Amino acid sequence: MSYCPNCGTENEVGAKFCSNCATKLDFQVRAEPTRRVISKPLILGAVALILILLVVLVILPRGLGIYGTYEMENFPAYFTEIKRDGTFSLTMWGMRIDGRWEREGNRLTFIVPGFPTSSGTIEGNRIIADDGSVWIKRR
Ligand SMILES: [Zn+2]
């Protein structure tokens, strides 16, 4: 709608002169403000999606910290503790071997001086060692 600035008469949109007092209306077209209504569920959905993407793309690939203690599947007497300082200790029947670990992507390499290097692949909360053994992170 277009309102005349002089007399306030409502005129048709696009009218050049007021139908009541003939005042020029060129710049008096009052357009309805365009309101962009974004519904709350849509915003919540978008926020949830961003959070999910953040977790899947950023946090999970880095591992929610691979650090922790892993037990050999069906063989809890064997466990490996992966420490934040880059070292690990493997315990078998109470016998402990210490070394250091390196990570490249989802691959882990365990280095023990004087022993052959062993490695494995990180899959979620498990490490699938190249020798076929599966190590599950303790809760
Ligand atoms: Zn008028």
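Visitor: What should I know about the model and its numbering?
Guide: It's predicted, so local features need pLDDT of at least 70 and side-chain atom pairs count only at pLDDT 80 or more, while totals for chains, interfaces and linings use all residues. Residues are numbered from 1 along each chain as its sequence is written.

Visitor: What makes something a helix or a strand here?
Guide: Both are DSSP runs, numbered from the N terminus: H or I of at least four residues for helices, E of at least two for strands. The protein chain has one helix and ten strands, in the order β-β-α-β-β-β-β-β-β-β-β.

Visitor: Why do E7 and E8 count as paired?
Guide: Pairing requires DSSP to find at least two bridges between two strands. E7 (residues 107-111) and E8 (residues 118-123) have four bridges, so they qualify, and they run antiparallel. Threonine 109 stands opposite serine 119 in E8.

Visitor: Which strands close into a barrel?
Guide: Eight of them, in the order E3-E4-E5-E6-E7-E8-E9-E10, with antiparallel pairing. Neighbouring strands of this sheet are turned by 30° against each other on average, direction ignored.

Visitor: How many of the 139 residues count as buried?
Guide: 11% of them. A residue is called buried if 20 or more other C-beta atoms, placed from the backbone, lie within 10 Å of its own.

Visitor: How do you know where the "Zinc-ribbon" domain is?
Guide: That comes from an unreviewed UniProt entry, which puts it at residues 3-25; such annotations may be inferred rather than shown by experiment. In the model, residues 3-25 are 0% helix and 13% strand, with end C-alpha atoms 8 Å apart.

Note on methods. Axes fitted to C-alpha atoms, helices over the stretch in contact; angles between N-to-C directions. Buried ≥ 20, exposed ≤ 12 C-beta atoms within 10 Å, placed from the backbone.
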